[in-house]
Amino acid sequence: MARTTYQESFAVQEIGFFPGEIEAMSARLRERVGPRDTVLVRGYEPDIYLRAHVRYGGRFFWTGHLQWQGCEYRREEWLRQDEGELRRLRPDWVVAHNVPPGI
């Protein structure tokens, strides 16, 4: 499947999945992030870590359950853990998922 076909076929605004934007963001990170930099991706785009060859190292590899209604049955506990990880790790870069329009 061609890259553009994949990007256009699987982009689903209702769930905030934008493969073209994920790929573009990953490329921008690869260009700018240093070898010791840490990156925190907010949302559910764990493939950005893989595509950009970056790491976070914190408690939450993806964070949809911290942000999305109906997925947060332990939200208060998880937010406390997340805040502790942010204070401890202080990521150099943060990628925020904003629905809509995307990343």
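1. Arginine 51 forms a salt bridge with glutamate 23, with 3.8 Å between the closest N and O atoms. The term means a side-chain nitrogen of Lys or Arg within 4 Å of a carboxyl oxygen of Asp or Glu. The pair joins distant parts of the chain, arginine 51 lying in helix H3 and glutamate 23 in helix H2, 28 residues apart. Helices here are DSSP runs (H or I, at least four residues), as are strands (E, at least two), and both are numbered from the N terminus.

2. This is a predicted model, in which local features need pLDDT of at least 70 and side-chain atom pairs count only at pLDDT 80 or more, while totals for chains, interfaces and linings use all residues. Residues are numbered from 1 along each chain as its sequence is written, and side-chain values use heavy atoms, with hydrogens and water left out.

3. Glu23, Asp47 and Arg51 are linked in a network of salt bridges. Arginine 51 has a relative accessibility of 30% and so counts as partly exposed. On this scale, buried means under 20% relative accessible area, exposed over 50%, and partly exposed in between (1.4 Å probe, protein chains only).

4. The count of salt bridges comes to seven. One of them pairs glutamate 31 with arginine 32, at 3.5 Å between the closest N and O atoms. Glutamate 31 is exposed, at 61% relative accessible area, whereas arginine 32 is partly exposed at 48%. Another joins the side chains of arginine 74 and glutamate 77 at 2.6 Å, N to O. Arginine 74 is partly exposed at 35% relative accessibility, and glutamate 77 is also partly exposed, at 30%.

5. On the overall fold, the protein has five helices and two strands. Their order from the N terminus is α-α-β-α-α-α-β. Of the 103 residues, 34% count as buried. Among contacts (heavy atoms within 4.5 Å) with a separation of 6 or more, 51% come from residues 24 or more positions apart. The accessible surface is about 6,800 Å², and carbon and sulfur atoms account for 52% of that surface; the areas come from the Shrake-Rupley method with a 1.4 Å probe, and for residues only the protein chains shown count as cover.

6. The largest nonpolar core has 13 residues, and those with the most contacts inside it are Leu29, Val39, Val41, Ile48, Tyr49, Val54 and Val95. Helix H2 (19-32), strand E1 (39-41) and helix H3 (47-52) each supply at least two residues of this core. A nonpolar core is a set of buried Ala, Val, Leu, Ile, Met, Phe, Trp, Tyr and Cys residues joined through side-chain atoms within 4.5 Å.

7. Helix H5 (residues 75-89) has 15 residues and should span 21 Å at 1.5 Å a residue; the end C-alpha atoms are 20 Å apart, which agrees. The expected span is 1.5 Å times one less than the number of residues.

8. The buried residues of H5 are Trp78, Asp82 and Glu85. Viewed down the helix axis, these fall within an arc of 60°, so they line one face of H5. The arc is taken from the directions from the helix axis to the C-beta atoms. An α-helix has 3.6 residues a turn, so residues three or four places apart point the same way. Helix H4 (64-67) is included in what covers the buried residues of H5.

9. The face of H5 turned away from its buried side carries the exposed residues Glu76, Arg80, Arg87 and Arg88. Just after H5, arginine 90 takes a positive phi of about 45°.
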